[in-house]
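Hello,

Here is the structure I promised to pass on to you. Have a look at it first, and my notes follow below.

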Amino acid sequence: LNCLSPRGATPGLEIMEKTNIKIAVVGTGVIGAGWATHFLAQGFEVAATDPAPGAEARLREWVDQYWPTAEALGLADGAPRDLLSFTTDVAQAVQDAAFIQESSPERLDVKHALIAAIESAANADVIIASSSSGLSVSEIQAGARHPERIVLGHPFNPPHLIPLVEVGGGKLTSVENVTKAMAFYASTGKKAIRINKEVKGHIANRLQVALWQEAISLVQRGVASVEDIDTAISYGPGLRWALLGPFINLHASGGAGGITHLLQHLGASQREWARDLGRYPETDDYIQQIAQGVDAELQGRDFPELLRQRDELLVQLIATKATKSQIP
């Protein structure tokens, strides 16, 4: 992995061109296909593997579908789709790979079996990054021959479009390998954040669940419709969050006193609001109500076209942020 990190990112890590560097993508569902597209767009050779019937055809179809978005974001020089290969043999896919991205189902038995198969053929110092959205690295690396090289590399969906990737280690992961994984992802254009302590659901998903919890509660309590809650976020704080995030936006709302003044001024009210927040439903009774609300919101709208337009606007937003040096 030393050859894959961005220039100047980590002292002591050398630089090498991406040409002929092989990335293994283990698991080619929606997340794995997004990773494959991302790495191909960066000019890497991608060896993908998945045991599911029809997996190769689905993967190539998804890559073709995602490629216009990758092109809009900007391809690395000489980044053709034909650098993608597929095999059902995990050992063949990971052999001589410089980095391994695992995106299998969220089941420990599946991941443990895959880690064993990967370690039977991969070089012992190659990092294995798991896309797991909920399982901890400590759980995933249990029983591994080289647990120190297993890290979290959790993307935000779709991985070929959204820059965020959450990186962290387990109890047996080396700090050096977490640092190398951070540097590698950054070199591919990802916005990598470091998880310093393992928690269920990592960071971004926990923040989402906190919002979903209250959104569901507001619908159940009859405060607002599903559509109005979506509008409240997409035309309100979501616009600001996309640019600066919650803390910097709070700081900006505090005037000359910044976030210190704002939190001191609103602290009592916010504590009162927090005590009134709903809890996540303990049963599945709420699902039909939310689904009906989503159906009503999408009535008369072409959902695939809506997603295409979403992706087009996201590309524009990401590109615009990249040109504004003070916006993180």
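Leaving aside its neighbours within four places in sequence, which residues is T28 in contact with? They are A33, A48, T49, D50, A55, L59, W62 and F86. Before going further, please keep in mind that this is a predicted model. T28 itself is found in the loop that runs between β1 (22-26) and α1 (30-41). Its relative accessible area is 3%, so T28 counts as buried, the cut-off being under 20%.

Now for the chain as a whole. The chain has 12 helices and eight strands. Its C-alpha trace spans about 55 × 45 × 40 Å along the principal axes. The radius of gyration is 21 Å, which agrees with the value near 20 Å that a compact globule of 328 residues would have. Of those 328 residues, 41% are buried. If you take the contacts between residues at least 6 apart in sequence, 69% of them join residues at least 24 apart.

The next spot to look at is K190, in the loop between α6 (175-187) and β8 (191-195). What does a buried lysine have around it here? K190 has no salt bridge, and the nearest side chain of opposite charge, E166, is 12 Å away. The side chain of K190 does reach backbone oxygens, though: that of P159 at 2.5 Å, and that of I162, which lies 2.8 Å from a polar atom of the K190 side chain. Both P159 and I162 are also on the list of residues in contact with K190 once its neighbours within four places in sequence are left aside.

Helix α7 covers residues 204-220, which makes 17 residues. From its first C-alpha to its last it reaches 24 Å, close to the 24 Å expected at 1.5 Å a residue. Which residues of α7 are buried? They are A204, N205, E214, A215, I216, S217 and V219. Just after α7 comes G222, with a positive phi of about 75°.

I hope this helps you find your way around. Do write back with any questions.

Best wishes

Key. Residues numbered from 1 in each chain as written. Predicted model: local features only at pLDDT ≥ 70, side-chain atom pairs only at ≥ 80, totals over all residues. Heavy atoms only, no water. Helix = DSSP H or I, 4+ residues; strand = E, 2+ residues; numbered from the N terminus. Buried < 20%, exposed > 50% of the residue type's maximum accessible area, 1.4 Å probe, protein only. Lys, Arg positive; Asp, Glu negative; His and termini not counted. Salt bridge = Lys/Arg side-chain N within 4 Å of Asp/Glu carboxyl O. Polar contact = N/O pair within 3.5 Å; in protein donor to acceptor, adjacent residues only side chain to side chain. Contact = heavy atoms within 4.5 Å. Expected span 1.5 Å × (residues − 1). Rg over C-alpha atoms; globule rule 2.2 N^0.38 Å.
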